[in-house]
Amino acid sequence: MEWINAIVQGVLLGGLYGLFAAGLSLIFGVMRLVNIAHGDLIVLAAYLALVVTQALGIGPLPSLLLVVPLMAVIGYGLQRLLLNRALGDDLLPPLLVTFGLSVIIQNGLLEVFSADSRRLQAGAIETAALPLGGGLAIGVLPLLQFGVAVAAIAGLQLLSWRTPLGRAFRATADDPEVARLMGLDNRHVFALAMALSLAVVALAGVFLAVRTNFDPAIGPARLIFGFEAVIIGGLGSLWGTLAGGVLLGVAQSIGAQIDPGWQILAGHLLFLLVLAVRPEGLFPRLRG
Amino acid sequence: MPEAPLLELRALDAFYGDFQALFGISMAVAPGQVAAVIGANGAGKSTLLKTIAGLIAAPSRDAVVFGGEPIGGLPAHGVVGRGIALVPEGRRLFSSLSVEENLLIGGRTRRPGPWSLEAVYGFFPVLAERRHTPATALSGGQQQMVAIGRALMSNPRLLLCDEISLGLAPVIVRDIYARLPALAAQGTAMVIVEQDVSQALAAADHVFCLREGRVVLEDTARALTREAVAAAYFGV
Amino acid sequence: MSAIHVAHGTRASRIGLPLFLVLLAVLAAAPWWTDRQGMRLLGEIYAYAALASLWNLLAGYAGLVTVGQQAFVGLGAYALFSLSLLLGLNPLWGIPAAGLVAALAAVPVAALTFRLRGAYFAIGTWVVAEVFRLFAAQFTALGGGSGTSLPASVVASIASGRAAREQLLYWLALGLAVLVLLAILLLLRSRHGLALAAIRDNEVAARSCGIEVDRTRLVVFVLASACAAMVGALIFLQKLRISPDAAFSVNDWTALVIFIAVIGGIGRVEGPLIGTAIFFLLRETLSQLGSLYLMVLGAVAIAVMLFAPRGLWGVLADRLGWQVFPLARRLEARPPMLSTSSLREPS
């Protein structure tokens, strides 16, 4: 029974990893940028939520109304002021600029908030659970978080395939030069994509902060989890990304069940296994 | 030229980094006129169209004047909003977009004018049947129709066509060229770049021949002789 | 006799190289002109110069941008500690042994991570380093997550007395850095170096010329991994203490190393050496700023990447034509006495 419980917990955790991955995958899809600072931005969002909840005396969930737009604005500005300058044919500048950004965010958070670990208090909902019978229960909060992850990914999917903005994203990804001939300003389109990515990051950061303790140094591991979910799921498919996140969550949960020291390792090993036997990922995009 | 020109180039230079590709190009195109630009490979024909469209920055604002407004050096997304559309060489349709989405994105500037999805489907009826197909799954000729339709969706006053016959069967090239006079009759001016000189001469009112980035011959299509074109083309 | 030959040197490199040799001699004599603190700092400088040169070889020459160099630094350190603690091998022999272990480990790591392209390769190498770190934390024989120290008996087997040991390790550090630099230079002068230049300019064209891109990259990756492991083994032999978090630290063995290479200049052998000098100057003046110092370093690296992507050395070398190491390939006519007869056609 505890194994079933572990798998259920893993699935719910995987929703969060799917969120980490969706933001990463979105900007890679639109502008071929791999944002090394992605994990640190998730942590930045968590700290923003911490400040907002403390300053306004509101709960973490209402704080999303402020944190999500704030992160989107940060994303837009970051892209316009910094990242657009780094994009080009050469792989190194965007990689190293986001790497530098990661170090700056980490140490900036350390400077302001110290290395103490923090947590967002969500109140009664934290301990609420739905009994499933047979000693099995699902926490309301993890369930809510999973639901939000699924909804966010469905929203991104809808936006990509059903809206003019999604069309602009795909056109710019296909051929940025011709997209300019259509009246699309690449710099603006890229900045909108980054804004959207960081809006998703904000969701991920707040739910992360409610679920576990966080400190300024945990960003890189979140980047790696998101990245692993992308590769396990298969590049270019949002639902695949969610599935990759769920598999990663289940692997970690089963690993932890065997030995607490094996939690993270089990996830990494699943990733390496997928890389060895199916490097295109388990659910690559089929649409041609 | 009696009528005020729609497009005027004044001693236009263009550069790729340190390499100069165009030298002092001057030309004028009137509303509704079809101008052909011919020349050998590497003469600067595509560069000329890209510079007009804003993909390559013109060195000064006054070097390109469109409808009386200096637009040299404006970015491409600013140029299309003023009514210049480019059909790029090799069609370059968006591969993850359907036929209809390619057309819709062409119309996203929302310039007023006669062209709409329905009008494009009326102009190229075969596209209406394939509207939900991924654009790059179409045949070459149909893809070229999408590329032209995508450009028309922005309701251009000037349409720039780069090598629209490239890689297409002669019967399809004739079919596409047969539709161009209808566009000109609506008042849309065109600058077409063509390798196929006889095709270009047949379609155009006015012909410019480029060699090594310079205009070496300019005349009305009617007045040009085959010999004059050959001499200008090869520089003999 | 052919009238045209390939020249590697320039006038600057004919001056620069002897200067470099003089500098080496002065550094080798450091035990006579500096104290323990000075030697320790210099040893650290050599380690960073070597690691930055290796990262530059991978990223700047082979197009393998890695964020996982700490995998092999840590692996080398753990190899040395396990071999000397568990098998009783003399720690000095542990250094080349660590290189061998890393070379063997690098092959399967490459087989997996080479499936990822570009930036994804970078994160893939990071995952591998994390896997190594987590396995090391499970390695109870070496203290698991909290690590272990070298016992006094093992330390004593290095050399008799602390002063002698520190001197020996100092020379080893200098020697290893020179060895790494030499290995890089020889590799770049070899046919692999020419292949790397071709791949860097145009991978597709290089493939069509029959250059085995993946094989060349594998050679570079294995060599760089083995060297990084030897450097790592020596670093932790100096520290006498090891832990997974220290040995596999991404900040210490990759982030700082990348900043050094970026600031000095990627894609040139001289770049990381200049970068190391600048890095230690900055560190000695700014380190009391704590985490602010790392923010400054990150900002400097971003600024260099955006405004002078060839780094400081790149800017200088482009402007002045400097080159310390004779690596460029230029076609030159032989001196007139030899060449006139063969070049001039009978008229």
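## Cavities in the model

Six cavities of 30 Å³ or more are found in the structure, a cavity being a set of points on a 1 Å grid over the protein atoms alone where a 1.4 Å probe fits but cannot get out. Grid points are joined across faces, edges and corners, and a volume is the space filled by probe spheres set on the points.

This is a predicted model, in which local features need pLDDT of at least 70 and side-chain atom pairs count only at pLDDT 80 or more, while totals for chains, interfaces and linings use all residues. Residues are numbered from 1 along each chain as its sequence is written, chains are lettered from A in the order in which they are written, and side-chain values use heavy atoms, with hydrogens and water left out.

## The largest cavity

The largest cavity holds about 100 Å³ of space. It is lined by 13 residues, of which Thr66(C), Gly68(C), Gln69(C), Phe72(C) and Phe221(C) are the closest to its centre; a lining residue has an atom within 4 Å of a point.

At least two lining residues come from each of α4 (69-86), α6 (118-138) and α11 (213-239) of chain C, helices being DSSP runs of H or I with at least four residues, numbered from the N terminus. The most is given by α11(C), with four residues. The lining comprises eight nonpolar, five polar and no charged residues, where Ala, Val, Leu, Ile, Met, Phe, Trp, Tyr, Cys and Pro count as nonpolar, Asp, Glu, Lys and Arg as charged, and the others, Gly among them, as polar.

## The second largest cavity

The second largest cavity has a volume of about 50 Å³, and its lining includes Gly43(C), Tyr46(C), Leu176(C), Val231(C) and Gln238(C). Two or more lining residues are given by each of α3 (36-61), α8 (162-189) and α11 of chain C. By class, this lining has nine nonpolar, two polar and no charged residues.

Terms used
1 Å grid on protein atoms, 1.4 Å probe; cavity = no way out; pocket = protein on both sides within 12 Å on 5 of 7 lines; lining within 4 Å.
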